Amino acid sequence: MNLAAYSLAAAAFFVSIKPAPTNLFLLMCILLVLFGKLTRQNLVDILRQPVGWGSLAFFGILCASQLYSAGSWEQGSDYISKYARIAYIPFLAAALLSECDVRKVMWAFAAGVVLTLGLSY
């Protein structure tokens with residue numbers, strides 16, 4: 001049983017529903033990925049690739065765009081933290097070692113989005 005995969009799947013499920021459980025599950029997954037030797041190395045390898053650089057650059061541009069926003073700093077902070085939670089999920093999913101674990105995360109994300117859309121409809 002891969003605890004990092006299950007915590008990331010739970011975070012992916014709650015990301016469109018509620019930020020508090022998402023933050024807790026993301027923190028647990030980040031700690032498990034960073035303390036696991038293989039997953040940590042896998043994450044570093046991903047971030048060394050051009051797609052990792054590009055993803056970080058796009059997120060940096062998103063953060064920098066808040067400097068020129070007409071909104072308040074509080075609104076900008078909420079905006080960035082919302083998209084940061086969504087951005088963490090694919091990076092951490094890519095660090096997982098098993099393709100089956102990655103599929104669990106993606107199915108949980110899809111289920112959370114479908115539930116949110118269904119409830120809002």
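1. Accessible areas here come from the Shrake-Rupley method with a 1.4 Å probe. On that basis the surface of the protein comes to about 8000 Å², and carbon and sulfur atoms hold 71% of this area. The model is a predicted one.

2. Secondary structure. The protein has six helices and zero strands, and its pattern along the sequence reads α-α-α-α-α-α. The radius of gyration is 15 Å, close to the 14 Å that the globule rule gives for 121 residues, so the protein is as compact as a globular protein of that length.

3. Dimensions. Taken along the principal axes, the box filled by the C-alpha atoms is roughly 45 × 40 × 20 Å.

4. Of the 121 residues in the protein, 26% are buried. Among contacts with a separation of 6 or more, 65% join residues 24 or more positions apart.

5. Charges. The protein carries 8 positive and 5 negative charges.

6. The relative accessibility of Thr22 is 0%, and the cut-off for buried is under 20%, so Thr22 counts as buried. Neighbours within four places in sequence left aside, Thr22 is in contact with Ala11, Phe14, Val15 and Arg85.

Notes
Residues are numbered from 1 along each chain as its sequence is written. This is a predicted model: local features need pLDDT of at least 70, side-chain atom pairs count only at pLDDT 80 or more; totals for chains, interfaces and linings use all residues. Side-chain values use heavy atoms; hydrogens and water are left out. Helices (H or I, at least four residues) and strands (E, at least two) are DSSP runs, numbered from the N terminus. The radius of gyration is taken over C-alpha atoms; the globule rule is 2.2 Å times the number of residues to the power 0.38. Buried means under 20% relative accessible area, exposed over 50%, partly exposed in between (1.4 Å probe, protein chains only). Contact means heavy atoms within 4.5 Å. Lys and Arg count as positive and Asp and Glu as negative; His and the chain ends are not counted. The place of a charge is taken as NZ of Lys, CZ of Arg, CG of Asp or CD of Glu.
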